[in-house]
Each structure stands twice: as structure tokens, then as C-alpha cells.
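Thanks for passing this one over.

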Number of protein chains: 2
Amino acid sequence: MTSAQQPVPARPTSRDVARAAGVSQATVSLVLGGKWPGRVSEVTAQRVREAAVELGYRPNLAARSLRLGRTRTALLVVPALTNEFFARVYAGAAALAAEHDFGVVLYPSPDGTGPARDPFASARAALDGVIASSMAADALDALHGADLPLVMLDSDPSGTGPAAHVNLDIADGMRQVTDHLLGLGHRRFLHLASAVDTWTFAVRAEALHDALGAAGDATVRTVRAPLDVGAGREAAEQALAVAGERPTAIVCDDDILAAGACKAARRLGLRVPDELSVTGFDDLALATALEPELTTVRLPAEQVGERGMEALLAVLDGRPAEQGGLPVELVVRGSTAPSPTARA
Amino acid sequence: MTSAQQPVPARPTSRDVARAAGVSQATVSLVLGGKWPGRVSEVTAQRVREAAVELGYRPNLAARSLRLGRTRTALLVVPALTNEFFARVYAGAAALAAEHDFGVVLYPSPDGTGPARDPFASARAALDGVIASSMAADALDALHGADLPLVMLDSDPSGTGPAAHVNLDIADGMRQVTDHLLGLGHRRFLHLASAVDTWTFAVRAEALHDALGAAGDATVRTVRAPLDVGAGREAAEQALAVAGERPTAIVCDDDILAAGACKAARRLGLRVPDELSVTGFDDLALATALEPELTTVRLPAEQVGERGMEALLAVLDGRPAEQGGLPVELVVRGSTAPSPTARA
DNA sequence: ACCTCGACGTTATACGTAACACTTCGGCAG
DNA sequence: CTGCCGAAGTGTTACGTATAACGTCGAGGT
């Protein structure tokens with residue numbers, strides 16, 4: 001069929017399709033674009049579509065982007081994909097994006113230790129919008145400066161700058177955890193908090209203190225650690241070794257820290273949950289890999305990604321973005337039990 | 001929000017920079033492109049650079065790609081980012097890519113349950129090459145059909161089609177594990193294998209059987225399970241409940257399965273490592289979150305990504321890709337101990 | 001005085017697409 | 001018959017960039 005003389009089978013263009021179908025390039029664009037329903041007769045359209053399939057035509061995205069000024073690509077800024085939570089957020093965002101012929105490209109956020117490269121230096125020109133997660137305030141400013149549509153995930157809704165927000169009801173999750181433990185008779189708490197300074201963790205601390213304050217007779221100590229098992233273990237171990245009344249429950253900002261707390265307990269000869277209750281946050285796969293399994297708060301990570309992408313698409317379409325918070329759910333497992341002091 | 005679009009300062013183009021600097025657009029391209037060192041006098045170049053900074057000029061990537069026919073973007077095909085190993089592969093690949101002004105876009109591989117969308121239907125036009133990991137054979141064919149430069153990670157090096165390979169010395173890792181356990185006196189083994197049918201797991205089984213065969217008096221049973229803790233636990237529990245001589249060591253294809261094996265042991269009242277040794281593979285964060293910590297094989301995941309990207313860049317430059325395998329390392333921790341039968 | 005040549009720029013062009021503006025043509029009301 | 005309309009296409013243009021091809025000008029060789 002092809003009378004092409006080129007030795008290498010060059011990628012066919014819309015003009016090649018036009019030639020094969022006996023129409024003009026404009027008509028090919030009209031047909032394959034899918035818009036302009038009535039502009040081309042069905043018989044012609046059919047011929048064009050067949051030619052396109054025949055030649056294996058794929059539109060050149062670069063040319064399309066250049067023409068339209070849009071790329072159908074969003075940037076997702078996350079701290080690290082090795083954190084399962086963010087990997088799931090990505091999965092959710094990418095899945096919804098794919099349904100709308102959108103792509104998602106990733107950039108690890110500058111969380112202090114991140115790469116110094118400006119994500120927009122190379123990417124900004126090719127982006128339609130940005131979805132950013134758990135940013136520190138300064139990094140956030142750089143995002144606003146890019147004057148691209150912006151959706152913030154799990155971030156301070158009162159933050160400056162025009163941005164849609166998709167938030168988890170973190171405070172409610174922490175409240176549920178606290179109520180659960182208070183109901184089990186616990187009164188002396190250790191809060192194993194993340195050393196990361198973002199809204200999502202600040203909210204945890206606030207909600208915990210609020211809920212404990214309401215209980216009246218509860219006390220809490222706070223120690224902070226980076227988000228990894230070893231650091232969590234060390235911090236918990238030191239805190240538990242302090243003289244005086246030992247806490248009966250450790251509330252962790254994260255399942256990873258909770259895993260550290262469990263290891264600390266075991267090293268000190270404390271049995272979980274009989275002598276020490278431990279709670280996590282996130283409900284990662286890790287939560288059910290441990291023994292005992294972690295009582296934790298399930299966060300709908302994929303949904304966060306989906307809703308984030310949804311919001312971005314809405315903004316790009318000029319529609320208002322849905323703003324509601326996503327519900328979270330306490331999952332009670334084996335790492336929490338009635339306080340030993342209450343039973344005594 | 002702002003609904004005004006036109007009065008907003010449009011992104012400056014190279015022509016705007018040219019006007020500001022009092023030169024032609026071509027000169028701007030010459031200066032900012034960085035190639036053609038001697039073509040423009042330093043004083044003019046300086047003026048251009050200043051104008052570019054002044055206006056906040058960013059080259060339009062779509063236009064550049066259209067002109068050059070290349071996108072400086074690679075596709076990384078991985079089964080799932082929620083698996084920490086692949087998240088780390090991505091991190092390695094993305095880091096090296098960034099150093100070369102390359103981007104990496106992800107696509108979850110069609111591993112049977114994956115999305116039905118053809119990654120190339122939307123992406124192929126905008127890609128310079130593909131790095132693919134742990135593919136099933138049929139999915140692999142689709143990749144070859146795309147006639148893009150292809151690098152395979154951790155895949156059968158004897159596979160068909162022209163592709164560079166970056167492989168881990170999986171067989172050596174499994175050999176080390178086996179020798180370690182044999183040295184501890186173990187003779188009855190259970191192989192908790194992945195249900196996924198890829199080269200990387202086939203090699204594990206082969207190496208395990210080879211090493212045990214060399215020992216002469218060792219026996220092994222194999223059970224397979226999907227790569228998640230629950231499935232691993234179930235499979236291990238069933239296998240351990242079988243009447244007859246119980247294995248004294250479980251060799252797992254993966255840390256995740258090993259976590260399942262540990263849970264199974266605990267459910268059956270078997271103490272790890274005293275009554276049952278368990279080994280993993282990958283050295284994920286999970287390995288040190290468990291108690292006892294897992295004896296496992298450390299895989300340089302980031303290096304796999306880096307070397308993969310390196311190989312792709314080499315191919316694109318017409319250089320030969322470095323082909324050597326990456327070494328792995330046995331990490332002995334608390335989940336393995338001398339066989340109880342040997343001590344008896 | 002003539003030619004050459006290198007240094008420094010500029011002009012022009014093509015990449016592949018989407019969509020605006022235009023043509024062509026048969027039908028149909030006035 | 002004229003004028004108008006809608007249907008079905010086509011011609012053309014612009015998006016922003018990189019680079020091939022083409023000036024221009026003064027220095028240096030012969």
C-alpha cells in the first residue's frame with residue numbers, strides 16, 4: 001500500500017493518513033479529534049479511521065501540545081515514593097488521570113534533603129497543573145510562583161495562595177484513636193511524633209491534645225523522630241526508659257514509627273499489648289505484617305490521589321473543585337488492650 | 001478566582017528574549033542552547049542571558065520536542081510502586097535521569113491484573129526509550145513492537161529482541177542464603193515462592209534447587225503465593241501443618257512473603273528462629289521492622305534504576321551499554337539460627 | 001588590489017497538529 | 001432566477017524551537 005521510499009519506516013503523520021484516505025490533513029484532524037461531530041460524513045470518517053489504523057498512526061503529542069498550549073500532563077509532588085502512602089496516592093491519581101487521557105509525572109518534594117533542582121526549571125513548560133502533597137511552607141511558595149493551577153493534598157487549608165485542597169479528616173482519626181485508648185482505661189500517654197514539620201502532623205498533635213484535655217486526668221509526653229523504624233525505636237526506647245511513671249500507651253503519628261515503638265517495647269521486655277498499647281496511623285501493609293497487628297487509622301490514600309486529580313481537572317475545566325474532606329477509619333487490631341493500671 | 005486569561009503575562013518566548021536583548025531569535029537559541037560555543041561573542045551572549053533571566057524565560061518543551069524529534073523522556077515500566085523495591089528503582093532511575101536533563105514517566109506493567117490501556121497508545125509518541133522491569137513474556141512482545149530503545153531490568157538475558165539488560169546476581173544471592181542455612185545444619189526446607197511467573201523468581205527456584213542438590217542430603221518442598229503478607233502467611237501455615245517431618249527453614253522469594261511466614265510460625269506456636277529459620281529477599285524496610293529482624297539478601301534497587309537509565313542513555317548516544325550484573329549481599333539477622341535437629 | 005577566511009549574526013524553514021476562514025454545491029424559499 | 005443556507009470539505013496559518021544556509025565585515029596573505 002505504502003509508496004514510501006524512506007528506508008526507515010518513519011512514524012506516519014496525519015498527512016500520511018490523509019493521503020491514504022484521499023482527504024486533506026484537516027479532515028483527518030477533524031475526524032480523529034472526535035470533536036466537531038457533524039463536520040464530516042460518516043462514510044468519509046470511516047475511511048479516515050481505517051487508514052489511520054492501517055498505517056498505525058499515532059498523533060505526535062509534542063506537536064499537539066505546541067498547537068494547543070496544553071500538555072494533558074500534571075505534576076505530582078510527593079516527599080518520597082518509598083513511603084507506601086504516597087505510592088498509593090500516585091496510583092490513585094494516575095488511574096483517574098488515565099481515564100481522562102492525562103499523564104502524571106512525579107517530582108520528589110524539596111523537603112530539606114531533596115534534590116536542589118527546581119522541578120519547574122525542566123518541567124514547568126510541559127505541565128498543565130500541579131498536585132502537591134504535604135509541603136513545607138517555603139517549598140509551597142515556589143509552587144505558587146509557577147502560576148499553574150494548583151491542588152494541595154493534605155495540607156493547611158488556610159494556606160496562602162489560590163489552590164484547591166483535598167484533605168483527610170486527620171483530626172477525626174486522631175480523636176478516634178484517643179477515644180479508643182481512653183475507653184480502654186489508658187491515662188498516661190506517649191506521643192511518638194514525626195519530626196517532619198507539616199500540617200498533617202501538626203493536626204495530629206493538636207487533635208491528640210484536645211481529646212486528652214477533654215478527658216481531664218490524662219497526661220502525655222511527646223517525642224519526635226524521623227519517619228523510619230530505627231529512629232522511632234530509638235526515640236521510644238529513650239522515652240520509655242525515663243524514670244517515673246511509664247506510659248501505658250504510645251500514640252504514633254505513623255505506622256512506621258509504631259513499628260519502631262513495638263521494637264522498643266520488646267527490647268525493654270514490655271509485652272504489646274498487655275503491658276503497653278501501641279497505635280499507628282495510615283494502615284500501611286506494614287500494619288498487618290507485624291505481630292501483634294497494629295491498631296491504626298486507615299487513610300484512603302488512593303482516593304486522595306483520585307480526588308486530587310479530579311480537583312485539578314475541574315480547575316482546568318473552569319469548574320469549581322469539590323472541597324470536602326475525606327473520612328478516615330479507626331481499625332482496631334491486636335496492638336491495643338485495656339490498660340494494665342485500669343485492671344489493677 | 002481570576003477568569004481573565006489574555007491580559008495575564010503570557011509565557012515569554014525566545015523571540016521575546018531576542019527583542020529584549022536586541023538580537024534575533026536564532027541568536028537566543030544559539031546562546032541558550034549551549035552548543036556551538038564560538039558562534040556568539042561573549043558580550044552578546046551575556047546580554048541574551050540577562051534578558052532571559054529578566055523575563056523569566058523557559059523554553060517551550062513541546063516546541064523543542066517537535067523540532068528535535070526527541071523528548072528526553074523515558075518510560076519506566078514497573079509492576080507496582082507500592083512495592084518498595086520498585087519505588088527505589090524509580091528513585092535511582094529518576095535521579096540519574098535528572099542529571100542528564102531527562103524525565104522519567106511511569107507505567108504500571110500489564111501483569112495480568114494491570115490496566116488494559118496500552119502504555120504506548122498515549123505515550124509512545126512522546127518517548128525516547130523504555131526501561132522495563134520484570135515483565136511477563138507476552139507483555140514484553142508489545143514493548144519490542146514499539147521499536148523504541150529498550151532496556152530490560154532483572155529479566156531473562158536470553159530473551160528475544162534487541163534490548164540491553166541490567167541484571168542482579170539473583171542466583172548468587174539465593175546460593176548465599178542456601179549455604180548459610182546449610183551451614184547452620186538445616187536439611188529440610190520449605191521454599192515459599194512467588195506466584196508471579198517472571199525470570200527473577202524462576203532464577204531463585206533454580207539456584208535454590210542447585211545449591212540443595214549439591215548438598216546431597218537436603219530436601220525441599222515448594223509452595224507458591226501472591227506477593228502479600230496475608231497470602232504468604234496462609235500458604236506457609238498450610239504447608240507447615242502438613243503431617244510428617246516439618247521443615248526447619250523457610251526460604252522465601254521476598255521479604256513480604258517472609259513476613260507472612262513469620263506470622264504463620266507464630267500462629268502455629270513455632271518460635272523464630274529457634275524452632276524455625278526464615279529468610280527473605282530484597283532487604284526492604286520491612287525486614288528490620290519485624291521481630292526478629294529478617295535474614296535476607298540486600299538488592300541494590302536504586303543502582304538497578306541508575307544502571308538502567310545509564311544503559312538507556314548509552315543506547316541513545318549510540319554507545320554500547322554496560323552489561324555486567326550487579327552484586328547482591330546476604331545480610332544475616334535474627335531470623336535464622338542453627339537447626340534444632342542439628343543441635344539435638 | 002584581490003581573494004580568502006573566520007567571527008558573528010541573521011533569515012528562512014520545517015517539525016505535526018488544530019482550528020479558523022473559506023469554497024463548493026445542491027436544495028429551497030421568495 | 002436570485003439569494004441564502006447548511007453540509008462537507010479544503011487551504012492556510014500559527015504554535016516556539018533548532019539549525020542549515022546565507023550575509024557582512026574587517027584582518028591577513030600574496
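**Notes on the two-chain model**

1. Let me start inside a sheet: A:Phe189 stands opposite A:Ala249 of β8(A). Strand β6 (residues 188-194) and strand β8 (residues 249-252) of chain A run parallel and are paired over 4 bridges. For the terms, strands (E, at least two residues) and helices (H or I, at least four) are DSSP runs numbered from the N terminus, and two strands pair if DSSP finds at least two bridges between them.

2. A word on the basis of all this. The model is predicted, so local features need pLDDT of at least 70 and side-chain atom pairs count only at pLDDT 80 or more, while totals for chains, interfaces and linings use all residues. Residues are numbered from 1 along each chain as its sequence is written, chains are lettered from A and ligands numbered from 1 in the order written, and side-chain values use heavy atoms, leaving out hydrogens and water.

3. Back to that sheet in chain A. It is open, has 4 strands in the order β7-β6-β8-β9, and its pairing is parallel. At the edges are β7 (219-225) and β9 (277-279) of chain A, each pairing on one side only. Direction ignored, neighbouring strands are turned by 20° against each other on average. Helix α8 (residues 170-183) of chain A packs on this sheet and touches β6, β8 and β9 of chain A, its direction making about 175° with that of β8(A). Contact here means heavy atoms within 4.5 Å; axes are lines fitted to C-alpha atoms, for helices over the stretch in contact, and angles run from 0 to 180 degrees between N-to-C directions.

4. Within it, strand β1 (residues 73-78) and strand β3 (residues 129-133) of chain B run parallel and are joined by 4 bridges, with B:Ala74 opposite B:Gly129.

5. Now the interface. How many residues does each chain bring to the contact? Chain A and chain B give 38 residues each. About 3300 Å² is buried between them, with carbon and sulfur atoms giving 61%; buried area is the accessible area (1.4 Å probe) that two parts lose on being put together, summed over both.

6. Across this interface there are 2 salt bridges, a salt bridge being a side-chain nitrogen of Lys or Arg within 4 Å of a carboxyl oxygen of Asp or Glu. One is formed by B:Glu293 and A:Lys263, whose closest N and O atoms are 2.3 Å apart. On the side of chain A that touches chain B, α4 (61-68), α5 (84-99), β2 (103-108), α6 (119-123), α11 (255-267) and α12 (285-289) of chain A each supply at least two residues. The largest share, 5 residues, comes from α4(A).

7. Over all chains the structure holds 34 salt bridges. Among them is the one between A:Arg19 and A:Asp16, with the closest N and O atoms 2.9 Å apart. Both residues lie in helix α1 (residues 14-21) of chain A, 3 residues apart, about one turn of the helix. In general, an α-helix has 3.6 residues a turn, so residues three or four places apart point the same way.

8. Finally, some backbone details worth a look. Most residues other than glycine have a negative phi, and most peptide bonds are trans. The bond from A:Glu291 to A:Pro292 is cis, with omega near -5°, and A:Pro292 lies in the loop between α12 and β10 (296-298) of chain A. In chain B, a cis peptide bond joins B:Glu291 and B:Pro292, with omega about -5°. B:Trp36, in the loop between α2 (25-33) and α3 (42-55) of chain B, has a positive phi near 50°. Just after α4(B), B:Gly69 takes a positive phi of about 75°.
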